[in-house]
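Morning, everyone. Let me put the next chain on the screen and walk you through it.

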Amino acid sequence: MPFEQKQLLLEVRGRPVTFIPGKKSVSRLPGDWSSPFSGQGYEPMGYRDFTLGDDPRRINLAATARRGRSTIVERIALREFNILIVIDASASMRVREKWEIQMAAATLQPYSAWKAEISFGIAVSQGADVVSLGIGLGSRHFHRLQRQLRQLISAKTDYLPSGKRLPLSRCLPVNSMMLFCSDFLDGQGRARTSHYLAHAIRRYDFVPIVIQDELDVSFPAIPARTVVPLKNPETGVERDTWLSPEIAVSIKSAHEHRFRELLRLFLNKGVHAIHLKSPNIASMSSRIDAFFRRRIGA
């Protein structure tokens, strides 16, 4: 499988994406505030004089007594923002370039979280559970996760890295961001969103990363009846199949309908998906960044 991780690490430098949380949490402490981040309390950021138009209730009596004039304390919410990137190690993800696309996403997104000083982690999907490789901060954590990904890349399809097995619906605090990478196709090639994903969608800021290439979302036209090697992703068996131009058109129509149906399934749950169809880092970074920047005006 052509995959140069060192080259990928070079390509993600200078192309971090901006994560914009999509859910808010409200503290239960005095002076409640709405914030997209969970956390404990809030801390002073600075002092300034009370001016016309300020809410008198914001005057801090202790600071006013010390300074001898009406004073307002500017405060900032303590931020505790977790991001988990879930990757799909099922057989259908290892055909053509889909595995390479997923590994590129699993490098770009943790790199972006590291540079933004956000807590991040990677987990491997196992149905209703995930095998978590850990959540942390900083460069050492990022490179540790990349070493584990390198083992996963070179391993067989049934290999799982060592980690903590957790229920998908309980692996993160409420309203944390979960970036779930998959082609969202079952063994029969049908679009799927399972019941355990519905629980995760309700609990987290759930962002589906739909990894489907051109053959998944469409199908090329063929000028005449020809033999096409088709591979069963579940068994790995490749078989030469005779296709006519008419059958190719019907496959194209079915794939396009399936992709639209998958996006509709997510939209019905109030979730917008990111579609990645190429391992090109520049294109991937631009697409993911545009998705989150649209949240600013939402």
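First, a term: buried means under 20% relative accessible area, exposed means over 50%, and partly exposed lies in between, with a 1.4 Å probe and protein chains only. This is a predicted model, so local features need pLDDT of at least 70, side-chain atom pairs count only at pLDDT 80 or more, and totals for chains, interfaces and linings use all residues. Residues are numbered from 1 along each chain as its sequence is written, and side-chain values use heavy atoms, with hydrogens and water left out.

Overall picture. The chain has eight helices and 13 strands. Those are DSSP runs numbered from the N terminus: helices are H or I with at least four residues, strands are E with at least two. Of the 298 residues, 44% count as buried. Contact here means heavy atoms within 4.5 Å. Take contacts between residues at least 6 apart in sequence: 69% of them join residues at least 24 apart.

Now the interior. A nonpolar core is a set of buried Ala, Val, Leu, Ile, Met, Phe, Trp, Tyr and Cys residues joined through side-chain atoms within 4.5 Å. The largest one has 44 residues, and F19, I87 and L179 have the most contacts inside it. Helix α3, residues 98–115, gives the most to this core: ten residues. What does L179 touch, leaving out residues up to four places away in sequence? The list is F19, I83, L84, I85, V86, Q109, V207, I209 and F292. Apart from that core lies another, of 23 residues, including V130, L166, L197 and A200.

On to salt bridges. The definition is a side-chain nitrogen of Lys or Arg within 4 Å of a carboxyl oxygen of Asp or Glu. The structure holds 14. R96 and D216 form one, at 3.2 Å from N to O. That pair links distant parts of the chain, 120 residues apart: R96 sits in the loop between β5 (82–88) and α3, D216 in helix α6, residues 214–217. R96 counts as partly exposed because its relative accessibility is 46%. D216 is at 5%, so it counts as buried. D216 also meets K98 in a salt bridge, 3.1 Å from N to O. Here helix α6 is linked to K98 in helix α3, 118 residues away. Both D216 and K98 are buried. R96, K98, D183, D213 and D216 are linked in a network of salt bridges.

Compare a local pair. R264 bridges to E261, with the closest N and O atoms 2.5 Å apart. Both lie in helix α7, residues 245–268, three residues apart, about one turn of the helix. R264 has a relative accessible area of 38%, so it is partly exposed. E261, at 25%, is partly exposed too.

One glycine to look at. G134 is in strand β7, residues 129–136. Buried or partly exposed? G134 is partly exposed, because its relative accessibility is 21%. Its C-alpha is 5.5 Å from that of G121, 13 residues away along the chain. Beyond neighbours within four places in sequence, G134 contacts F120, G121, I122, H141, R144 and L145.

That is the tour. Questions, please.
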